[in-house]
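Please keep the structure open while you follow each solution.

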Amino acid sequence: MNFDALYHANFKLFSDAVADWSTLANNLERLKKDAEDGLHQAANKADWAGINSQVTKEFIGKTAGEFTDAHTQARTIHRILSDTLGELKGYHQQLVEAVDEGRAKSLAVFPTGDAFTVTSNVPSQAKTGESPDNAADVTALRDKIQGILDKATESDTSAKTALIAIADQSQTGFSGADYKDRDTAAEAIKKADEMARLARKDPQDLTVKEFDQLTAGLKDYSNDPLFAERFATTLGPTKTLEFWTGVTDPRNYDISSNRMDKLDDLQRGLSLTLANASQSDSTAMASWKRDVIDLGTTRIGGGGTGPMGFQVMSNLMRVGDYDDRFMVDYGTKLMTAEKEITGYGQNPNRVWQFGGGAGPSQYLNRIGEDSGADPLAGYLRGLSNSPDAATSFFNQEYVAKDNPDNPFERDTDGNGKNGKVPLSNFQYLFEERDWPSETSLDGEDLHTGQNNLAMALEAATTGHPAGEMPTPDTPAHNDDQTKLFESIVASVADDPARLTDHGYMSDSVGQITSEYLPDINRAMTDDPDGDTDKLFPVVGSSASLNHRDVTALLVSVGQNPEGYAAVEVGNKAYMANLMDYHMRPDLTADHRYSKDTQFAITQIAHGSGEVSGTLAIGRQEAVAGPADEDDKIFDQSVAQWKNVASGVVGTGIGIGATFVASPVVGAVAGGVAATVGSTVLESLFTNAEAHAKENAGASMGEMWESGLDENASYSEKAAEHAAKAHNRTDLEAVSIDEKARTAAQAGFRDAGTNTQFMAPHLKTDI
């Protein structure tokens, strides 16, 4: 800020701009409210069908979100401009007053280019010695004016930096960066420079005090978009990898001796910061992402003997939601490295084996027990937070059928002859990969990579982060998601041991299964030419499955307590909501099952009974078979869903035929469905809690009969309450509740017949 510009400043245009941004922010606030209350909420309740269910609803949701981001960004820009205008006006006034004060002392101020000069009108009397000149006044005025200009420059520059950073956050649309004033945004950028300076130091020279400062700074600012982008790009991709490699090196004596127990906090803060930074569209961040990927096969530190870039960076992906495009590009290059190192899986990967061969001997991961030597473990954990990226990654081709290096052969047509087959990333990781072995400090085998694989598959097939429940904003399943689910079902059906031998994956696979119950019920009707699309409506894409395969999946999932509980709770909620839906008197003809309502209810009860019966057989196999599970654990797992399910029961069906992905959560269906669903689940949880407290375990036959009766009672209760809620006296007159009970019993028993070839320990006494 030069003297002339500030002294002669005309703030009218600036003031007009601030006023315009204020008006824009206010208008956008109204539009944001209209978009949310009107477009968004209406879209979640609308009766979507066909392509609209996959595209339009999601588009409207994103568009409404853009209005929110636009309002936030406009409000932030207005605050920054308003603060800057007020400050510059103040500095302008201070400058004018300083010049006037100087004039009263016979001092004059003249602009000289970008600088200024202070002169005195008092003749110099230094030679005569009669009186001192006013040189001190000249110096004082010069320093005062320079101080005013310095402050004005800082105000102007910090505003410019913040505004450019906000604009760079998103090349299209709006960033949603929200700051209460200019100083807050400027402080975030300043803090990023400070933290980057510490991280750029040689990690061996990082003091404990500086370690603490960096850990605290990343924790406090990791969710700040301006801080994150500035920190990442200032630190740079190479220094990012070198920092984490160096700070986790056990030879870093000060840190390893004094802050070993705080490395997990630093890892989380660094991961969250980098994930947030990756969402920025700035040119510098785009280069950062490209360069980090390019460094994937480069040895980091250690004079060319350190860990690979992929090994380092993947451990900084375990927390946070990274940019989808970056995650897909990163995964593509990571799998290329996997192919090259293992010869498409033919050779063991000693490079990614902790403490052996060419693998690292330091713990790159401080969150959890695994060392972090296998980069796929960290990367897959990151994918579990990025559903769209996960879907894309798993559906990518790992190796083509005609690739001369393809080592995979199978008998695909049953003629006894093997031939080469193509594999997707999912198939390679789930079916073929030789996962690096690793043990905990207690000597227990670790399966972190495969567990993270299951979590990433959960995100990829459901459209929401693993470990979370779907919401009304969760898009309906699309073609790529259902394609992946079909692959999971086919793979488990082909070899159930792929899941049953890795029970730690079953909690995620169970959640996946629960969110595809409409598709599963369709397959179990064995009526491909019927109106199963009306009996079991599906919004979006529907998975193409066969009865035998879904039975194999349910038996396999049912052998794990957590997987069993996820599907059983979802099944009961789905059954109750579906009965409520089909009994609604306002259900239009185009949504009504082609046969009468009574038949629809019995079909629903039969399907629910078969799902529960199949799960029960899996449970029985786990208790009586080699797994030797305690039967009470299954009831305990069901009971633990009580808190999760409360508040969301009965929201599985929306207006009209709008089903969301999950049978438990989705577009609100109103109080009736909530009441019916809550009643059924309350009984389920009560029974589970009672069984979990029983001292003596029942025999296999007793457990089967008890499960059959209790399952039937849930269907009976759902039908009874739904009929009363909708005043369906016609259905009450034909004892719809008893018919539902009978149908549920038949479905449960059919499960025993359908699964005897899969469960050698099955004892149903039927």
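A residue counts as buried when its relative accessible area is under 20%, as exposed when that area is over 50%, and as partly exposed in between. The model used throughout is a predicted one.

**Exercise 1.** Decide whether Asn-727 is buried, partly exposed or exposed, and describe its backbone setting.

*Solution.* Begin with the position: Asn-727 sits in the loop that links helix H30 (700-725) to helix H31 (729-733). Its phi is near 55 degrees, which is positive although the residue is not glycine. Most residues other than glycine have a negative phi. Finally, the relative accessible area of Asn-727 is 58%, so the residue is classed as exposed.

**Exercise 2.** Describe the largest nonpolar core and the surroundings of Tyr-330.

*Solution.* The largest nonpolar core comprises 149 residues, and Tyr-330 is one of those with the most contacts inside it, as are Phe-231 and Met-313. Helix H25 (residues 561-583) makes the greatest contribution to this core, namely 13 residues. Once neighbours within four places in sequence are set aside, the contacts of Tyr-330 include Val-292, Phe-310, Met-313 and Tyr-379. A second, separate core of 22 residues has Leu-6, Ala-98, Leu-107 and Leu-141 among its members.

Terms used:
Residues numbered from 1 in each chain as written. Predicted model: local features only at pLDDT ≥ 70, side-chain atom pairs only at ≥ 80, totals over all residues. Heavy atoms only, no water. Helix = DSSP H or I, 4+ residues; strand = E, 2+ residues; numbered from the N terminus. Buried < 20%, exposed > 50% of the residue type's maximum accessible area, 1.4 Å probe, protein only. Core = buried A, V, L, I, M, F, W, Y, C linked by side-chain atoms within 4.5 Å. Contact = heavy atoms within 4.5 Å.
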